[in-house]
Amino acid sequence: MNSGDSAHVKHPTAKTCCTPSRTMTTVRSKTNLPVSSERQLRPHDEVRLPGGNFQMGDHFGEGYASDGEEPVHTVTLPSFTIDVTAVTNRQFAGFVNATAYRTEAEKYGTSAVFHLLVKAAGPDILGAATGSPWWLNVRGADWAHPAGPKSHWSEYPDHPVVQVSHNDARAYCDWAGRRLPSEAEWEYAARGGLEGKRYSWGNELVPATHHHCNIWQGTFPTQNTADDGYIGTAPVASYPANGYGLYDMAGNVWEWCADWFLPKYYRASPAENPQGPTIGAGRVMRGGSYLCHESYCNRYRVAARTSNTPESSSGNLGFRTIALV
């Protein structure tokens, strides 16, 4: 994809969600897992951000109407400390090794893998997600085997962990003495100090032909030219940091936020440190992923928002954390 105006079109409705929920596959949710016990502080590479005001929301009118990115509204946040990158496979493995935690994908026995990335035998490919045939339900896909049973996290230790549900991310946070960011904190951090820009680095997607994020180039979902260097996930910090020194706030993997998701929330959200609605159809996801493409999902913009059910997981969904006060 180039940096031309074709990347800046209005999308009145979303064609499909960017990650499949459990209800889109043959597996159904039963109960949410409890979070982990025995909290201990764990070292994270992090940055302390100053508190302040910013203008939250879509400044260009480019978002999906159903996502509720408007109106733009002023938000005030206190200072907070956030991970420089998404949590990696290596970090998540430390959590699992210390606690013997089993993720929801492991308990269900299956998870969603993008069709071009599957590493599994034929009998382990159980079918496509309803409405999103590029997502395959793969037996044995989980955080340790992100592309299926024939893959292993140790091949990608510095890539962001994926195949983790919102509940799994909360369990990691509980163990590490951290928490998930609120949606407002995430957007404030992603903007990197820039006011009203389209992306974390400015308004052009590929300034001076230099890629700033890992998204899809080519014809989705059949051909990825990998002009940015990767078809699937990239190692964290593979692209330039934003103005706050944070990496991959666009593309690579979706990141869970703490908030419930309601499209109409911005119409009446509090100006002071909003924590999201008390109910919603799912939990907020931010940032886009390596599968985002202008033809169906331009949610690598800094204001873009969407959601998924808290028990869902996929091969392009991870998280970063914030230090507890």
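User: How do the axes of α1 and α3 cross?
Analyst: In this predicted model, the axes of helix α1 (residues 89-99) and helix α3 (residues 166-176) come within 11 Å and cross at roughly 75 degrees. That angle falls in the 65 to 115 range, so α1 and α3 are roughly perpendicular to each other.

User: Which residues meet there?
Analyst: From α1, you've got Gln 91, Phe 92, Gly 94, Phe 95, Ala 98 and Thr 99. They meet Asp 168, Ala 171, Tyr 172 and Trp 175 of α3.

User: And by class?
Analyst: The α1 contact with α3 has 6 nonpolar, 3 polar and 1 charged residues.

User: Switching to strands: what order does the open sheet of 4 have?
Analyst: β13-β12-β11-β14, and the pairing is mixed.

User: Which strands stand at the edges?
Analyst: β13 (305-308) and β14 (317-318). Each has a single partner strand, so one side of each has no neighbour in the sheet.

User: In which sense do β11 and β12 pair?
Analyst: Antiparallel, over 3 bridges, with β11 covering residues 254-260 and β12 covering 283-286. Trp 256 has Met 285 in β12 as its bridge partner.

User: OK, cysteines. How many disulfides does the structure hold?
Analyst: It holds 0. For Cys 213, the nearest cysteine sulfur belongs to Cys 292, 9.0 Å away.

User: What about Cys 292, where's its nearest cysteine sulfur?
Analyst: That's the one of Cys 297, 3.4 Å away. A disulfide needs the sulfurs within 2.5 Å, and Cys 292 is in no disulfide.

User: Are Cys 213 and Cys 292 buried or exposed?
Analyst: Cys 213 is buried at 3% relative accessible area, and Cys 292 is buried too, at 0%.

Key:
Residues are numbered from 1 along each chain as its sequence is written. This is a predicted model: local features need pLDDT of at least 70, side-chain atom pairs count only at pLDDT 80 or more; totals for chains, interfaces and linings use all residues. Side-chain values use heavy atoms; hydrogens and water are left out. Axes are lines fitted to C-alpha atoms, for helices over the stretch in contact, and angles run from 0 to 180 degrees between N-to-C directions. Helices (H or I, at least four residues) and strands (E, at least two) are DSSP runs, numbered from the N terminus. Angles under 35 degrees count as roughly parallel, over 145 as roughly antiparallel, 65 to 115 as roughly perpendicular and the rest as oblique. Contact means heavy atoms within 4.5 Å. Ala, Val, Leu, Ile, Met, Phe, Trp, Tyr, Cys and Pro count as nonpolar, Asp, Glu, Lys and Arg as charged, and the others, Gly among them, as polar. Two strands pair if DSSP finds at least two bridges between them. Buried means under 20% relative accessible area, exposed over 50%, partly exposed in between (1.4 Å probe, protein chains only).
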